[in-house]
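Good morning, colleagues. Please look at the model on the screen while I go through its fold, its surface and its charged contacts.

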Amino acid sequence: MIMEFQEILREFLVENNLTQSAFAFKIGVKPSQVSEWLRGKAKPGYDTLKQISLAFNISADYFLGITENY
């Protein structure tokens, strides 16, 4: 089953016991931006997706829904 970014992000936050604010701080965006992603109103751009991957040492493929494991 292909998951949307918002579902992948929500699952990641829960599994890693992260708040939206903590996640936002770690990747250098505003918590309101993370909220937009979780509501499906927006998706991160290339540079932000790269920052997420680097900050958590996880392949971007996970956040893109290409792989199921990080």
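I begin with Asn57, which is exposed at a relative accessible area of 69%; buried here means under 20%, exposed over 50%, and partly exposed in between, with a 1.4 Å probe and protein chains only. Asn57 sits in the loop between α4 and α5. Its C-alpha lies 8.8 Å from that of Tyr70, and the two residues are 13 apart in sequence.

A word on the basis of these values. This is a predicted model, in which local features need pLDDT of at least 70 and side-chain atom pairs count only at pLDDT 80 or more, while totals for chains, interfaces and linings use all residues. Residues are numbered from 1 along each chain as its sequence is written, and side-chain values use heavy atoms, with hydrogens and water left out.

Now the overall fold. The protein has five helices and zero strands, where helices are DSSP runs of H or I with at least four residues, strands are runs of E with at least two, and numbering starts from the N terminus. The radius of gyration is 11 Å, close to the 11 Å that the globule rule gives for 70 residues, so the protein is as compact as a globular protein of that length. That radius is taken over C-alpha atoms, and the rule is 2.2 Å times the number of residues to the power 0.38. Along the principal axes, the C-alpha trace spans about 30 × 25 × 25 Å. Of the 70 residues, 27% count as buried.

I turn to the charges. How many salt bridges does a search of the whole structure find? The search finds two, a salt bridge being a side-chain nitrogen of Lys or Arg within 4 Å of a carboxyl oxygen of Asp or Glu. Lys43 pairs with Glu4, with the closest N and O atoms 3.6 Å apart. This pair links distant parts of the chain, 39 residues apart: Lys43 is in the loop between α3 (31–38) and α4 (46–56), and Glu4 is in the segment before α1 (5–15). Lys43 is exposed at 57% relative accessibility, whereas Glu4 is partly exposed at 42%. Arg39 and Glu36 also form a salt bridge, at 2.4 Å from N to O. Glu36 is partly exposed, at 27%.

Finally, Glu7, Glu11, Glu15 and Glu68 form a negative surface patch. Such a patch joins like charges within 9 Å, from residues with over 30% relative accessible area and no salt bridge. Glu68 lies in the segment after α5 (60–64) and is exposed at 68%.

Terms used. Patch = residues over 30% accessible without salt bridge, like charges linked within 9 Å, V, L, I, M, F, W, Y side chains within 5 Å. Areas by Shrake-Rupley, 256 points an atom, 1.4 Å probe, with all protein chains shown as cover. Lys, Arg positive; Asp, Glu negative; His and termini not counted. Charge placed at Lys NZ, Arg CZ, Asp CG, Glu CD.
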